Each structure stands twice: as structure tokens, then as C-alpha cells.
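Hi,

Here is the structure I said I would pass on. Have a look at it first, and my notes come after.

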Amino acid sequence: MEKVVLKVNGRSRQFIVEPDRVLLDLLREDLGLTGTKQSCDRKGQCGACTVIVNGKAVRSCVQKVKNLANAEVITIEGLGTPENPHLIQEAYCLSGAIQCGFCTPGMIMATKALLDRNPNPDDGEIKKALEHNLCRCTGYARIIDAVKLASRFIRGETTPAAIRPDPHGPKIGVSHPRPSAMIKACGMAEFGADIHLQDPLEAAVTRSAEHHARVKSVDTSAAEKMPGVVGVMTSKDIKGTNRIKIMVGDQPILAENKVQCLGDAIAIVVARTKKEALDAAAKVKVEYEPLPVLRSPQEALADGAVQIHADLPNLCFSQPQIKGDAAKAFAQSSAVVEADFSTQCNHQAPLEPEVTVAYMEGEGEDAQLVVVGRSIEIHLHMSNLQEALGYENVRYEEPYSGGQFGQKAAMNTEAIAAAAALHFGRAIRYIPSLEESLLVSTKRHPFYLKTRLGADKNGKLTAVDIDYIVDNGAYMVIGGYVVMRSLWMLSGSYNIPNVNVLARLVYTNNPAGGAARGAGPPQVTFALESAMDMLAEKIGMDPLEFRRINSLLPGQSVSTGHVYDEWPFPELCDSIRPNYERAKKEVAASKSGTIKRGVGIGTHAFGIGGPGDEGRVFVELDPDGGMTIFCAVADPGEGNDSMLTQIGSHVSGIPMEKIRLVTRDTDRTPGMGPAAASRMTYMAGGSLILAIEEMKKATKEAGATSYEELKKAGKPTRFMGSKKTEKEGPLDPKTGQGPSFESRIHAIQMAEVEVNTETGEVRVIRVTTAVDPGKVLNPNNVVGQLHGGMDQGVGYALREEYIHGKTKDWNTFKFPTMKTAFDMDVIINETPRKRGPLGAVGIGEMTMVCTAPAVINAIYDACGARVYHLPATPEKIKAALAQKK
Ligand code: FES
Ligand code: FES
């Protein structure tokens with residue numbers, strides 16, 4: 001042990017520490033300063049742990065405390081409080097730079113160190129200063145804006161008061177800061193790993209080293225004798241079904257006699273410390289009998305392939321979609337293109353890794369199992385845990401959550417921590433490493449799409465034929481729903497009169513696919529929008545004009561046969577045209593040398609309000625005239641808290657500061673369905689309006705103007721609103737015809753790129769999104785979603801790929817950074833939608849969907865290299881160029 005004196009946030013303290021103690025642990029564990037976060041496995045890759053030491057921004061996870069004698073350390077807690085925030089914290093809140101907020105404390109500390117030495121940095125200096133700080137939500141543009149605004153505050157050029165929207169002014173269409181922004185900016189928002197549990201046990205999991213094998217035996221005896229170990233549990237200790245079941249119950253919490261995927265959980269070890277738990281988990285002996293490993297859906301569909309799940313065929317779901325007569329239409333088409341496309345397995349890559357804490361509240365038979373995890377559908381996951389563990393009295397709570405992008409539609413660490421808390425009757429922390437979190441969480445499904453698209457002599461689309469296979473991975477999770485989503489939105493923005501599609505979902509021994517921003521449409525849209533460009537070229541038509549003349553029109557039907565009465569897509573084509581013409585001119589002026597410039601577009605019409613969707617919200621008038629909204633709405637960064645607060649205040653007339661939210665507790669909220677599919681504004685916002693209308697009706701009937709008068713009139717103070725979509729029912733199993741989403745958000749994206757034809761490297765210069773999301777409730781939140789989606793879309797197009805067992809950290813994942821950031825332009829058309837709350841629809845996933853084809857089409861425009869298989873790595877581009885020669 002060594003003694004080190006440090007001044008932390010102005011207070012001098014002495015610490016007696018082991019020589020390898022790092023500053024991050026000292027801050028978080030010894031001092032409880034949990035505003036400093038950890039994302040990467042202390043590899044210095046994420047910057048979430050950034051603090052200031054002796055005036056410099058440092059990553060605290062790689063700083064040994066013993067080397068910091070007499071150092072002055074400032075953490076986020078030393079900067080400001082919500083009551084008295086630092087100007088940088090104000091700037092981040094007012095710029096819309098905070099979404100999930102997990103990166104925010106580190107970003108703010110890096111900003112502080114920069115502005116202390118240079119109060120007027122340019123973009124290059126900002127990017128350099130923040131180059132080690134990762135963000136998955138914002139695409140970095142608003143963070144750069146925040147640094148610039150902070151520098152203006154600091155230089156005295158303006159003030160927060162001059163920038164801040166009037167909270168008593170209009171509520172809708174105004175960028176009111178998010179309700180949680182300031183506590184995130186001050187490091188006071190508690191994420192899962194920040195929750196203080198008295199005397200918890202740490203959990204670690206023994207995971208399968210095989211991709212597919214029979215488990216012959218599990219020997220826990222050596223692990224049980226390891227220091228600090230309190231116990232080890234296996235599937236035999238679970239009293240319920242032991243099944244995680246989102247759609248079908250094919251995934252054991254702990255493996256029984258077989259493993260289907262590398263990383264399957266086999267045993268849980270709980271110990272006094274995390275290190276002791278991990279050491280003991282490594283001592284659990286598992287004897288395997290290897291089985292053939294099916295690494296692709298093609299292998300899994302081959303004759304004689306081993307069946308992965310005894311009671312479910314490898315081809316676990318199949319759905320055709322037939323409209324008109326595609327064969328005849330192709331035969332009569334003037335031009336037809338065809339190609340095979342594929343998309344990669346990808347990770348959603350939220351900055352906060354998986355984490356859950358669980359504990360028993362109360363004693364004996366009345367004890368309630370409390371699970372605090374990052375679910376975006378707390379009621380479904382709670383009922384799933386009840387069944388899986390055979391224990392009825394369960395409460396699910398959600399803390400602040402560091403992004404998720406669909407990942408948390410699935411359960412993972414929750415089941416482990418909950419099973420251990422129930423079995424051992426102790427408070428459990430299960431905080432896996434990033435490496436483990438990447439291994440076990442769900443991924444974006446890979447698609448293989450054999451595609452044909454035809455047009456007549458006037459350039460009108462005649463038919464589409466896509467035969468596609470989806471790699472489900474080892475477990476269903478929501479695979480069937482992802483396929484349905486891809487079919488509901490298959491024809492995108494266009495009127496395609498004849499459709500012949502077959503979608504097949506196939507079990508393999510690959511990682512389980514799950515929800516991932518867009519979930520289904522990004523994969524199919526990559527193929528369709530690539531084919532659209534190929535077809536435009538073949539018939540000699542400008543790609544933008546080709547898309548515009550093929551727009552669906554009100555009264556026409558999409559590929560499911562669903563007829564739409566509003567479709568403001570042609571207007572979007574017109575809105576982006578000036579930018580497109582400018583970009584085309586710049587491309588024409590720059591075609592020389594080895595650096596080739598290109599422009600490409602992609603479009604989509606993203607569905608909101610699926611058939612049979614439903615949600616419920618309660619509102620309660622409070623004695624002080626305020627209103628509490630009870631609604632199970634996760635907000636891992638989209639801005640759902642803002643949406644509820646602004647709609648609530650606007651519709652009720654109650655000031656925003658008196659709108660209270662109870663959103664993340666199964667005991668206190670009604671079910672609302674998942675905070676996924678971009679559905680929360682539409683479904684929760686819609687339900688909220690209905691609930692407030694009930695409240696207003698009761699108040700009017702009672703002639704009441706206050707809570708007391710309402711009570712006195714014998715009226716209730718709590719009201720429910722429930723929005724249901726107009727149509728329900730699945731697609732016809734033979735034809736794929738039936739209802740689709742009842743509203744759509746429209747977008748057209750334009751990517752401008754430079755391709756180095758020698759190295760195959762691509763630099764994205766700018767992405768422009770023209771979008772019609774209906775009525776905009778909060779411009780900052782809409783633009784923030786668009787920016788984040790574009791950034792993720794470019795990563796999907798060019799770099800990101802999850803390789804099972806090999807992608808172990810943010811570097812191998814190729815996480816986007818300040819260095820890969822590009823210019824982003826946004827054009828917003830606001831066409832209020834008939835069925836949307838206040839005319840709004842939703843925005844969360846849209847820009848992810850058509851970014852990849854826009855980038856791929858731009859690469860082709862630049863150099864004639866067409867990439868059919870994502871991601872478009874330099875090697876693939878060079879190979880495509882070589883083929884062209
Ligand atoms: S936790 Fe320190 S850089 Fe990631
Ligand atoms: S706001 Fe940066 S990671 Fe979410």
C-alpha cells in the first residue's frame with residue numbers, strides 16, 4: 001500500500017492505496033464520485049472517464065493514483081450543480097448536445113480543459129481536444145456547437161439567459177432543454193453502475209467457449225472453494241421456465257444440456273468482489289461434446305444440416321409478399337437490374353455497457369425482487385422474469401441509460417442479476433466488461449438479398465422481386481418482428497405495382513439478432529436504394545428525378561396493399577434539389593486525379609404506428625395544480641421526457657415546471673410497449689393527449705378550477721388515455737398483404753464523398769437529410785436524432801462490423817470519433833399528420849435507414865465502384881475498382 005495526498009474538487013485528502021489503483025476507481029468507488037463514467041475496459045478508448053488533473057484533461061482509467069502525489073483533480077462534480085451550473089454545463093444543455101448523457105461528463109471535462117487554455121478554439125482545435133471522447137448518440141455536431149457556445153459565454157459575448165427559451169412561452173416547436181439535461185451535465189444522473197447498494201455481492205458468469213455443443217457436465221466445486229465466493233448457481237437452481245422469451249422461449253437464462261452460441265451463460269458465481277467472482281467463474285469446469293457449427297443461414301438451410309433447437313426448425317419463419325403479377329411485369333419492362341446484396345452483423349454500440357443490479361425488498365414471502373436494468377420495455381421484461389424465475393413478486397425499474405438503439409428490447413444481464421438475487425437472497429451487482437457486453441448482447445441481423453427491379457420506358461417502376469434470407473442467430477429475440485417490419489416498409493417511398501418477395505428467417509449458431517435502430521428496413525432499403533440507382537443509370541435518368549417520379553401518391557398502396565391518404569415525399573425531393581444541384585456541380589468540377597468526388601442519394605418512408613399497437617398513460621392532477629404523468633416510457637437518449645413534458649404542458653396548460661414524470665417503474669406505471677420502433681411520440685404522446693382530455697372534461701363537468709374543487713365535486717383526479725392504431729392483424733401468410741403502419745415519416749438523404757482510388761479509402765464530406773417528420777415538437781431533439789442516425793448510418797456503410805469473438809472493444813468495432821465526423825445538413829418540412837399527436841409522428845430511426853445506400857451510391861458516382869456487401873471497406877472498393885478495369 002502507498003500513501004498519496006490528492007486535492008479532489010478543492011479538498012485535500014490522503015489515500016492509502018494499492019500501487020495499481022487507478023484514479024477512476026478511487027473517484028467512483030472510494031469517493032462515490034460517480035459522475036465520472038466507464039465505457040471501455042480501461043483501455044483509454046472512450047474518454048467517458050475524463051477528469052482534469054493539474055489543468056489537463058486525462059482519462060482517469062489509465063492514471064495510477066501512486067503517480068499523482070499532490071495533484072489537483074477536478075471531476076464533473078467539482079464544476080457546478082443544477083442550481084449553480086458552470087457555463088459549459090449550460091452550453092451543453094442549451095445546444096442539444098446531451099442525449100443519453102453517458103459521454104457528457106467526460107466531454108464537459110475535456111471542454112473545460114480546452115477552454116481554460118484557449119477560450120476561442122476553432123473547429124480543428126475542438127476536434128483535437130475532444131478526439132479521445134466517444135459519443136454514440138449525437139454525431140458530434142451538437143457537441144462542437146456546445147463547445148463554441150460555451151466559449152462565447154466565457155468570453156462574455158452572450159449569456160445562457162439570452163439563449164434559453166422562455167419556459168412560459170410556447171411549448172411546441174421550441175427547443176426547451178430536456179428535463180434531465182442539467183443533472184446529466186452535472187454528473188448527478190444515476191446510471192446502473194452508479195447505484196449504491198449496501199454490502200452487495202458481485203456476479204460473474206461462466207460462458208460457453210463453444211459455438212454449438214452438448215454440455216456433458218458442469219463442475220462448480222473448484223469455483224465454490226475460491227476466495228470470497230458466496231455461491232455458484234446453474235440452471236438447476238432456477239425454479240421457473242429458465243427461458244428468456246420475447247417472442248418464443250428458445251433462450252435459457254443458464255444453459256441446461258446444450259449451448260447454441262459462443263458466450264451462452266452456463267453458471268453464475270457471486271462473490272464479495274468482482275475480481276473474486278471473475279476468478280472463480282474461470283474455475284467452473286464445463287465438459288462439452290462439440291456439435292456441427294452452422295455459421296450462415298445458407299449452411300443452416302442445407303440438406304442434412306443439424307437442427308439447432310430440438311423443437312423449432314432452422315427455417316423458423318417465412319413470409320411471402322405478393323402483389324400484382326411481378327413475372328409478367330418484368331417481362332414487359334424496358335429495363336431490369338438485378339444483383340445480390342448483403343449486410344453485415346453489427347452492434348448497436350451504446351456507450352454504456354450492459355449492467356443490472358437486483359435485490360430483495362422486504363422479508364420472507366412478501367419480499368419483492370427488484371431489478372434495476374436498462375430495459376426499454378419494463379412491463380414485458382418484468383413478466384418474462386416472473387415466468388423465467390418462477391417468482392411472482394417482481395418490480396422492474398430503469399435508471400438513466402447510456403443509449404441502447406434497440407439493444408435493450410432484449411433482456412440479458414437482468415436475468416442473471418435477478419436469478420442470483422433471488423437464489424442467494426442478497427443484493428447483486430452484475431456489471432460485465434465491455435468485451436462481455438459486446439459478446440452477449442443482441443446484434444443487427446445480417447440480410448442476404450437477391451434483388452430485381454424493373455421500370456418501363458417512361459422510367460416508372462414496374463416490379464420488384466427480393467428473395468431474402470435473414471440470419472436470426474441462435475435465438476429468436478424479435479427476429480420474426482424484424483422480418484415483418486422489413487415487409488411492412490419494403491417498397492419504401494415508391495409506388496411499385498407488382499411485388500414478388502420471399503423473406504426467410506433462419507437459426508444459425510451466430511449471435512442472436514435483435515432490435516437495432518431501424519430493425520429490418522435499413523437492410524432491405526440498402527438493396528432497394530442501390531437497385532434504384534442502378535436502374536436510373538440503365539434508363540439514363542437522373543437519380544433524384546427517377547425517385548421523384550416514382551413516389552407513391554395518396555390513394556396508392558404500398559407493397560402490403562395498405563393505402564395511404566398522405567405521402568409528402570415529392571415535396572421533399574423538391575426541398576433537397578438545390579443542395580443536390582450544388583453537389584452535382586461540385587462533383588463535375590472535381591473529377592480528376594486519384595481523389596474522386598461523388599454524390600449519392602437514398603430515401604425511405606419509415607412506418608410509425610404498427611397494426612394493433614396500443615399504449616396507456618395515466619395523468620394525475622396534483623394538489624398544487626401540477627400534473628404527474630405515469631407512463632412506462634424509457635428515455636435512453638431520444639428525448640421522450642421532453643416529449644411528454646412539452647405535450648403535457650401544451651395540452652393541459654399547466655406550466656412545464658409542474659409537469660412531473662413517473663416513467664420507469666412497473667409498480668407505478670401502466671404498460672406502454674417498447675420505447676422502440678420510433679413509436680413513443682406517436683403512441684405515448686397520443687395516449688397522453690387522450691388522458692389530459694379526460695382530465696379537462698371532468699374538470700369542466702365539475703366546473704372546477706383547482707384540485708380541491710375537483711375533489712369536492714366527487715370527481716377522480718387520475719385519468720387514463722389509451723391510443724390504439726386503427727388497424728390490426730397480421731399480413732396474410734400466403735400473400736403478405738394486409739395493414740401496414742398507419743403513418744409514415746419521409747426522408748431523402750444525400751451523401752457527398754471523396755474516394756481515394758489508390759487506397760480505396762472514403763471520406764464522407766457531408767450528409768444532407770431532408771425529412772418530413774410531421775409537426776416538430778422540439779427542434780433540437782429532432783436534429784439530434786437526425787445527426788446521430790446519420791453518423792451511425794455512415795459507420796454502417798463504411799466501417800462497422802461485429803465479428804463474434806473478435807470484436808472486443810471500441811477500437812476493433814471502429815466506433816465513430818471526432819475524426820470520422822462529417823458535416824451534416826438538415827432540411828425539415830413540417831406536414832402535420834392527421835393521426836399523429838399534434839400532427840407529430842416520430843423520428844428516432846429514420847436517418848439510419850437510407851444513409852448506407854446514399855453513401856454507397858455516392859461511392860459509385862465518384863469512381864464507378866459499386867459495393868454490394870456492407871460495409872464498404874477500402875479492400876472491397878479496391879476490388880470493385882479492379883473488376884471495373
Ligand atoms: S473508461 Fe477510461 S477511456 Fe474508457
Ligand atoms: S449523448 Fe453521447 S453517448 Fe449518448
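Below is what turned up, starting with how to read the numbers.

This is a predicted model, so to speak of local features we need pLDDT of at least 70, and side-chain atom pairs count only at pLDDT 80 or more, while totals for chains, interfaces and linings use all residues. Residues are numbered from 1 along each chain as its sequence is written, chains are lettered from A and ligands numbered from 1 in the order written, and side-chain values use heavy atoms, with hydrogens and water left out.

Let's begin with the sheet. Helices (H or I, at least four residues) and strands (E, at least two) are DSSP runs, numbered from the N terminus, and two strands pair if DSSP finds at least two bridges between them. There is an open sheet of five strands in the order 2-1-5-3-4, and its pairing is mixed. Strand 2 (11-17) and strand 4 (56-59) are at the edges with a single partner strand each, so one side of each has no neighbour in the sheet. Strand 1 (residues 2-8) runs parallel to strand 5 (residues 72-74), and two bridges join them. Within strand 5, Val73 is the residue opposite Val8.

Next, the aromatic rings. Rings of Phe, Tyr and Trp (its six-membered ring) pair if their centres lie within 6.5 Å; planes under 30 degrees apart are stacked, over 60 edge-to-face, and the rest tilted. That rule gives twelve aromatic pairs. One of them is Phe102 with Phe191, edge-to-face at 5.2 Å centre to centre and 80° between the planes. Phe102 lies in the loop between helix 2 (87-94) and helix 3 (104-117), and Phe191 in the loop between helix 7 (181-185) and strand 6 (201-207), so the pair ties together parts 89 residues apart in sequence. Both Phe102 and Phe191 are buried (under 20% relative accessible area; exposed is over 50%, partly exposed in between, with a 1.4 Å probe and protein chains only). Phe102 and Phe191 also form one aromatic cluster with Tyr400.

Last, helix 16 (residues 521-539). Its 19 residues reach 26 Å from first C-alpha to last, close to the 27 Å expected (1.5 Å times one less than the number of residues). Of the 19 residues of helix 16, 16 are buried, so the helix is largely enclosed by the rest of the structure.

Cheers
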